[in-house]
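Please look over the entry shown here before reading the report.

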Amino acid sequence: MNEHDRQHQILIQQATASAAQAHESVSKDYYRQGFHIMPQAYFMNDPNGLVYYKGEYHAFFQHLPFSVHDGEKVWGHVKSKDLVHWEYLPVAIAPSQSYDRNGCYSGSAVDDNGILTLIYTGYIEREGDRTAIQMQNLAFSEDGIVFHKYENNPVISDPPEDGSLADFRDPKVWRHEDTWYMVVGSSKFGYGKTLMYRSENLRQWDYIGVAAESDGSMGQVWECPDMFPFERDTHVFLTSSLIIENEAITGGKNLYMVGSLNYEQGKFNSTFVGETDCGLDFYAAQTFHDGLGRRILIGWMDWHAAPRIEAVSNWFGSLTVPRIMTLLPDGSVQFTPAPELQQLREGHQHFEEVNLQEGIRGAWGDIVGDCLEIIAEFELGDAEPDAEFSISLRRSELHDQETIITYSSETETLTFNRDKSGSGFTGSKSCSLLPMSGGRIKLHIIMDRSSVEIFMNEGRLVSSNRIYPHPNSQGLDVYASKGTVKLKQLDVWKLKRVTL
Ligand code: FRU
């Protein structure tokens with residue numbers, strides 16, 4: 001171990017000890033999730049380095065280990081055998097060198113012949129200048145726990161002409177035939193871009209070209225790009241985009257594109273563009289290929305502008321549940337919750353063929369809970385083209401608190417409304433959703449202590465949201481908010497809590 005390495009390991013021990021010490025009081029907070037990845041304490045943002053390594057799932061994440069508000073980002077680390085029970089591991093990498101002194105920013109991981117290799121962005125602030133320098137670096141581990149930075153970092157120190165110094169981050173690496181490829185997020189003149197590189201050995205990289213860029217409507221800065229070979233000879237490209245207006249970030253977009261990739265020219269051609277998630281709290285999703293031949297996505301179930309409600313209890317941030325991606329016949333992508341989550345189910349209740357009528361509420365009094373899985377299938381008849389149905393979650397006894405999901409057949413939209421959800425942001429968000437054959441709408445809802453993920457119509461669209469209701473608000477209601485609607489089936493399970 002050289003002196004740099006020793007310094008790095010000391011910083012790692014300090015960071016790990018800080019989050020672990022705060023964990024005891026943090027873990028008492030009611031809003032801690034039951035089965036989602038969260039930081040032990042303090043701040044989390046993007047998932048990083050998702051990888052299946054030596055028979056286990058590893059997830060790293062952007063993490064502030066000393067404060068819930070500010071500081072320099074390290075990579076937090078958890079692993080799991082089944083995508084459900086996660087175990088905290090020591091911090092993997094921390095800023096310790098001139099090339100990453102203000103943060104180890106997002107990146108990816110690969111298994112290089114048994115060496116778990118992290119590829120990440122080193123972030124350096126420049127005094128008196130708002131732009132920062134970003135470089136791509138490597139760190140290696142033989143046991144998947146202790147990481148050593150590569151002595152010849154950075155492996156890419158300057159962006160190419162096509163990119164910009166201010167935005168050059170979040171390398172995603174994958175192997176195709178015998179070569180490594182990398183995409184890096186960037187921007188130029190207000191257009192989000194993704195730059196593509198190739199390498200024989202992960203250490204020397206050659207720039208190939210701009211793999212994809214915004215058409216003007218897809219965000220000004222592209223962060224956390226992800227490119228991978230997918231089913232039926234396609235490639236899928238994912239990007240998390242910042243929308244910037246008058247130099248201020250006003251929103252984010254999560255897009256996926258299905259198409260083909262020309263490896264020689266580094267050009268991606270998309271044939272389908274869709275939204276990875278249309279909820280209020282979702283950003284920076286990453287995917288990986290697991291040991292069972294599946295492509296799995298995990299996103300950050302928050303967003304930089306979120307109100308950070310749980311920060312009063314010294315923690316902030318949750319990832320989504322793992323989602324399996326598959327290609328549908330129409331060329332779009334389906335996202336479904338990993339089936340491993342079914343082991344959390346207990347106390348099943350089932351109902352079928354119920355006619356819901358406007359004005360009748362509260363018919364499901366005995367279904368209560370704050371960690372629930374709900375699968376509901378509705379049928380909308382042709383006779384009432386403006387019928388509407390709703391699912392009310394986390395409803396208080398006095399009905400002054402509830403989170404409402406409403407489908408309108410008139411507008412063909414599903415609206416998530418958290419105006420009366422409790423603490424946090426109010427407001428609502430609608431997603432366009434066409435009924436399936438026979439006028440059917442199917443909603444698969446996974447509700448944890450402070451989140452609601454809605455998988456619509458077999459995962460054609462997903463909406464991820466955080467909520468902070470009172471612990472006593474635990475009621476559920478399913479009702480027609482306009483006209484008459486048939487509830488074909490309703491299945492509800494309570495979900496066990498397994499995380500701390
Ligand atoms: C996305 C992002 C990345 C960056 C990281 C820093 O949320 O801004 O582009 O690497 O967060 O924490």
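The report below goes from the whole chain to its parts.

## Basis of the model

This is a predicted model, in which local features need pLDDT of at least 70, side-chain atom pairs count only at pLDDT 80 or more, and totals for chains, interfaces and linings use all residues. Residues are numbered from 1 along each chain as its sequence is written.

## Overall form

The protein chain has 1 helix and 32 strands; helices (H or I, at least four residues) and strands (E, at least two) are DSSP runs, numbered from the N terminus. The radius of gyration of the protein chain is 23 Å, close to the 23 Å from the globule rule for 500 residues, so the chain is as compact as a globular protein of that length. That radius is taken over C-alpha atoms, and the rule is 2.2 Å times the number of residues to the power 0.38.

Of the 500 residues, 47% are buried, where buried means that 20 or more other C-beta atoms, placed from the backbone, lie within 10 Å of the residue's own.

## Two domains

Domain 1 covers 3-328 and domain 2 covers 340-495; such bounds come from an automatic or database domain assignment. Their centres, taken over C-alpha atoms, are separated by 32 Å.

Contacts between them involve 25 residues of domain 1 and 26 residues of domain 2, a contact being two C-beta atoms, placed from the backbone, within 7 Å. On the side of domain 1 that touches domain 2 there are 12 nonpolar, 7 polar and 6 charged residues. Here Ala, Val, Leu, Ile, Met, Phe, Trp, Tyr, Cys and Pro count as nonpolar, Asp, Glu, Lys and Arg as charged, and the others, Gly among them, as polar.

## Helix α1

The buried residues of α1 are H8, I12, A15, T16, A19, A22 and V26. They pack against β1 (42-53), β3 (74-80), β4 (86-93), β8 (148-149) and β19 (315-316).

## Around the ligand

There are 13 residues around the ligand, and Q62, Y105, S106, E223 and A284 come nearest; a residue counts as near if its C-beta atom, placed from the backbone, lies within 6 Å. Two or more residues of this shell come from each of β1, β5 (104-112), β9 (168-176), β13 (221-229) and β17 (283-289). By class, the shell has 4 nonpolar, 4 polar and 5 charged residues.

## Residue D281

D281 lies in the loop between β16 (267-275) and β17. D281 is buried, with 25 other C-beta atoms within 10 Å.

Key. A residue is buried if 20 or more other C-beta atoms lie within 10 Å of its own, exposed if 12 or fewer, and partly exposed in between; C-beta atoms are placed from the backbone.
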